Amino acid sequence: AKRIHLTRAQAEGFYAEHSARGFFGELVTFMSRGPVFVLALEAEGAILKWRETMGATDPAAAAEGTIRKLYGASKGENATHGSDSPGAAARELAYFFASYELL
């Protein structure tokens with residue numbers, strides 16, 4: 001885990017796959033507005049477990065007790081991010097962590 005402050009360009013790069021979506025500008029602004037914590041989680045089924053903990057992307061549709069239901073404001077300000085596949089996790093981990101930082 002580490003605390004970082006993304007520049008707008010870094011946030012745009014990280015979320016580039018969402019650049020055509022309506023919430024992209026709001027998301028990039030939100031993610032570069034202040035510090036964030038980035039985490040590398042490792043466990044059997046970690047991706048699915050984390051996605052269940054986060055809740056649906058739209059906080060209004062997220063299950064009660066999930067992070068996004070409790071703290072998200074909108075699709076663009078949904079309080080948390082999680083990889084959706086092992087390939088995405090590998091790309092996203094490499095975006096924020098040097099190989100020597102991961103065990």
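Is serine 83 buried or exposed? In this predicted model, serine 83 has a relative accessible area of 17% and is therefore buried, the cut-off being under 20%. The residue sits in the loop between helix H4 (67–71) and H5. Beyond its neighbours within four places in sequence, serine 83 is in contact with Ile47, Arg51, Ala88, Ala89 and Glu92. With glutamate 92 there is also a polar contact of 2.5 Å between the two side chains.

Helix H5 spans residues 86–96, and its buried residues are Ala88, Ala89, Glu92 and Phe96. Viewed down the axis of H5, these residues fall within an arc of 100°, so they line one face of the helix. The partners against which the buried residues of H5 pack are strand E1 (2–4), helix H1 (8–14), strand E2 (36–38) and helix H3 (46–54).

H5 also contributes to the largest pocket, giving 4 residues, the largest share of its lining. This pocket has a volume of about 1100 Å³. Helix H2 (24–32), E2, H3 and H5 are the elements that each give two or more residues to the lining. In total 38 residues line the pocket, with Phe37, Val38, Leu39, Trp50 and His81 nearest its centre. The lining comprises 26 nonpolar, 7 polar and 5 charged residues.

The second largest pocket has a volume of about 310 Å³. Its lining has 18 residues, and His18, Thr57, Arg68, His81 and Gly82 are the closest to its centre. By class, this lining divides into 4 nonpolar, 7 polar and 7 charged residues.

Terms used
Residues numbered from 1 in each chain as written. Predicted model: local features only at pLDDT ≥ 70, side-chain atom pairs only at ≥ 80, totals over all residues. Heavy atoms only, no water. Buried < 20%, exposed > 50% of the residue type's maximum accessible area, 1.4 Å probe, protein only. Arc of directions from axis to C-beta. Contact = heavy atoms within 4.5 Å. Polar contact = N/O pair within 3.5 Å; in protein donor to acceptor, adjacent residues only side chain to side chain. 1 Å grid on protein atoms, 1.4 Å probe; cavity = no way out; pocket = protein on both sides within 12 Å on 5 of 7 lines; lining within 4 Å. Points joined across faces, edges and corners; volume = space filled by probe spheres on them. Nonpolar A, V, L, I, M, F, W, Y, C, P; charged D, E, K, R; others polar.
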